[in-house]
Amino acid sequence: MAGSHHLQQDVPRFLHKLLFMFSLAVVCASLYFILSGCCDFILVDSAKHLKQTSQLLPLTELFQRKNASFEKRATDVGARSASPVGSTGATGAVGAQSANVGKDWTATRRLPQAIIIGVKKGGTRALLEFLRLHPDIRALGSEPHFFDRHYSRGLNWYRNLMPKALEGQVVLEKTPRYFVTADSPGRIHAMSQEVKLIVVVRDPVTRAISDYTQIISKTPGVPSFETLTFHNGTEEALKVDSLWSPIWIGLYALHLERWLAHFPLEQIHFVHGERLVSDPAGELGRVQDFLGLQRIITDKHFYFNKTKGFPCLKKPEGSSKPHCLGRTKGRPHADIHPQVILRLRQFYQPHNLRFYQMTGQDFGW
Ligand SMILES: Nc1ncnc2c1ncn2[C@@H]1O[C@H](COP(=O)(O)OS(=O)(=O)O)[C@@H](OP(=O)(O)O)[C@H]1O
C-alpha cells in the first residue's frame with residue numbers, strides 16, 4: 001500500500017525532471033545554432049573581404065600593413081606630445097618610446113635602416129613627411145641628432161627613440177646636420193655597413209640664403225648676408241668666407257668625400273631639391289626604388305597649393321584633410337643683391353662641377 005503511494009508520487013516528479021532536461025537541451029541546441037550561425041556569417045564576411053583585398057596583396061603583407069597603420073597612428077600621437085631631443089625639426093618631438101607600448105606584439109624597435117643625412121634647408125622635412133605616407137616606412141618625426149650631438153648616450157638610447165616597426169618595414173630618421181659633421185660617417189658605419197643614406201641637395205646659393213633667412217628669423221640684429229659672406233678688410237673685397245656655416249654647408253663635394261671614405265656611392269641616394277618641389281612624385285618614386293619599396297607614393301598624393309607655392313599632401317598620414325608644411329618651410333627669402341648672388345654662383349661653380357663628377361649626376365646649378 002505504502003509502496004504504491006510512493007510510486008504515485010515519483011512518476012510526476014520524474015516526468016517533471018525529464019521535461020526540464022528536455023527544455024534545457026532545446027535551449028542549449030538553439031543557442032548553439034544561433035551562435036554558430038552568427039560566427040559563420042562573420043567568418044564568411046571577413047573571408048570575403050580578405051579575398052577581395054588579397055587579390056592585390058599577399059597575406060603577410062596585408063597583416064603587416066594593417067598593424068603598421070594602426071601602430072603609426074599611435075606613435076604619431078606620442079611623437080607630437082613628448083619632449084624634443086635637441087631637435088631643430090619643424091614638427092617633431094621624440095615620443096615614440098611610450099606610444100606603442102602594448103599595442104603590437106610583433107613590432108619591435110630597431111636601429112634605422114635608412115637615414116636622411118642632409119642637407120640643411122634642402123627639403124629634408126618635405127621628403128620625410130612625404131615618405132611617411134608609405135605603409136612600409138616607419139619614420140621618426142623629430143631629428144634625434146644622435147651621431148652629431150648625443151653619441152655618448154649609446155645605441156640603446158638611439159634605438160629606443162625609433163618607432164616600433166614590423167619585419168619588412170624600413171625604419172627611417174632625418175638629421176640634416178650629419179652630412180657636415182666630421183664624425184658622422186664613421187659612427188654611422190660603425191652602427192651599420194648596410195644603412196641606406198639619403199641626401200637632399202639644393203642649389204647651394206639658394207640654400208645659403210634659405211639658411212640665412214632662418215638665422216635672421218631666430219636672431220634679430222644679425223649682420224647682413226653680404227657682410228657675413230665676404231671677408232671684411234681683405235685685399236680682395238669679394239673673397240668668400242667659406243667657413244661661414246651657410247656657405248660651408250653648400251660645399252657638397254667636400255662633405256661627400258668624407259662619406260665616400262666609408263660608404264660606396266651606390267649606398268647614397270641624392271634627391272634633387274628643386275625637383276622635389278617641381279615633381280615630388282618623380283623624386284619620391286626614385287627614393288622608394290632606392291629603399292627597395294613598392295612605388296606606393298605617386299602623383300595622386302600631391303596637389304600644388306598656389307597660395308603656398310609648393311606641393312602639399314592631399315591626405316597626410318593619419319588625416320583626411322589636405323596639408324602643407326608649416327610657415328618656416330617655403331618662406332620668402334631675405335632680399336640679396338644680384339651681384340652678391342652672381343659672385344656666389346662663381347664661387348660654387350668648381351665645387352658643383354666636382355660634386356657632379358663624384359655623383360655622376362648634373363644637378364644644373
Ligand atoms: N612641399 C614643400 N613645402 C615646403 N617646403 C618645401 C617643400 N619641398 C621642398 N621644400 C623646401 O624645404 C626647405 C626647408 O628644408 P628642410 O626641411 O631641409 O629644412 S631644415 O634643414 O629641416 O630646417 C624650404 O626652404 P625655404 O623655401 O627656404 O623655406 C623649401 O624650399
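Q: Which strands does helix H10 lie across?
A: Helix H10 (residues 252–260) lies across E2, E6 and E7, and runs at about 155 degrees to E7. Contact means heavy atoms within 4.5 Å. Axes are lines fitted to C-alpha atoms, for helices over the stretch in contact, with angles from 0 to 180 degrees between N-to-C directions. Helices (H or I, at least four residues) and strands (E, at least two) are DSSP runs numbered from the N terminus.

Q: What should be kept in mind about the model and the numbering?
A: This is a predicted model, in which local features need pLDDT of at least 70 and side-chain atom pairs count only at pLDDT 80 or more, while totals for chains, interfaces and linings use all residues. Residues are numbered from 1 along each chain as its sequence is written, and side-chain values use heavy atoms, with hydrogens and water left out.

Q: What is the strand order in the open sheet?
A: The order of its five strands is E3-E5-E2-E6-E7, with parallel pairing; two strands pair if DSSP finds at least two bridges between them. Strand E3 (137–139) and strand E7 (268–272) are the edge strands, each pairing on one side only. On average, neighbouring strands of this sheet are turned by 25 degrees against each other, direction ignored.

Q: How many bridges join E2 and E5?
A: Three bridges join strand E2 (residues 114–118) and strand E5 (residues 170–174) in the parallel sense. Ala-114 stands opposite Leu-172 in E5.

Q: And H4, where does that helix lie?
A: Helix H4 (residues 124–131) lies across E2, E3, E5, strand E6 (196–201) and E7, at about 160 degrees to E5.

Q: Is H4 mostly covered or mostly open?
A: H4 is mostly covered, with eight of its eight residues buried. Buried means under 20% relative accessible area, exposed over 50%, and partly exposed in between (1.4 Å probe, protein chains only). Among the buried residues of H4 are Arg-125, Glu-129 and Phe-130.

Q: Why does H12 count as largely enclosed?
A: Helix H12 (residues 280–290) is largely enclosed by the rest of the structure because nine of its eleven residues are buried. These include Pro-280, Glu-283 and Phe-290. The cover over the buried residues of H12 includes H4, E6, E7, helix H11 (273–278), strand E8 (302–305) and strand E9 (310–313).

Q: Changing topic, is Met-21 buried or exposed?
A: Met-21 counts as exposed, because its relative accessibility is 58%. Met-21 is found in helix H1 (residues 2–54).
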